[in-house]
Amino acid sequence: MYEIEKEVLVCTHCHEEVQAVDEFCPHCGTLFEPEHVCAEHHSVLASGVCIICAQPWCDKCGSWVHDRFLCRPHNDYEIYEGMARVYGTLDDTMAQYVRGRLEEAGLHPFIFSRMQPLHGSRMLANTLVYPMGDYDGHLVYEIKVLVPCQEALEAEQHLREWEFRK
Ligand SMILES: [Zn+2]
Ligand SMILES: [Zn+2]
Ligand SMILES: [Zn+2]
């Protein structure tokens, strides 16, 4: 026996791989079937699908942010290569712990960290977590826990239940 290989299609907007059954691109939110209406305004055609909540929205309810479609409540997510930040910390042990918990919950977390040069040149030794922050001109080194965009809401629900603060 052999399996028939899945058909490989590519989104014309972001050029990521999509499935023939997809009604929208899960990577950028481009709608492949134009007849969808806005989840809020049922007489208005949707312009795209929010890649966080997977709902179709019109131009009033959603917009393109860095070539990805996001609804208003979700348009401030930090997204890196198709993954959304759900947690940030300066503590590597904590980041690993959060990742472990999310994995146990059946999600697919990934840890991402980088230095963010701001206008100062000093290192931030410790202190508080300032996600993406302009923290008083210091370098802020945040370790981010990311999950695939479609898992962001579920991951945040878990984090709230476990009482982790973002
Ligand atoms: Zn796409
Ligand atoms: Zn959304
Ligand atoms: Zn709308």
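1. Before you start: residues are numbered from 1 along each chain as its sequence is written. Because the model is predicted, local features need pLDDT of at least 70, side-chain atom pairs count only at pLDDT 80 or more, and totals for chains, interfaces and linings use all residues.

2. Look for the largest nonpolar core, which has 30 residues. Such a core is a set of buried Ala, Val, Leu, Ile, Met, Phe, Trp, Tyr and Cys residues joined through C-beta atoms within 7 Å; buried means that 20 or more other C-beta atoms, placed from the backbone, lie within 10 Å of a residue's own. Cys-50, Ile-51, Ala-84 and Val-147 have the most contacts inside this core.

3. Domain 1 (1–76) and domain 2 (79–161) both contribute, so the core lies between them. Domain bounds come from an automatic or database assignment.

4. Now see strand 6 itself: Arg-68 and Leu-70 on one side, and Phe-69 and Cys-71 on the other, are all buried.

5. Strand 6 pairs with strand 5 (residues 62–65) in the antiparallel sense over 4 bridges; pairing requires that DSSP finds at least two. Trp-64 stands opposite Phe-69, and Val-65 has Arg-68 as its bridge partner.

Definitions and conventions. Chains lettered and ligands numbered in written order. Buried ≥ 20, exposed ≤ 12 C-beta atoms within 10 Å, placed from the backbone. Helix = DSSP H or I, 4+ residues; strand = E, 2+ residues; numbered from the N terminus.
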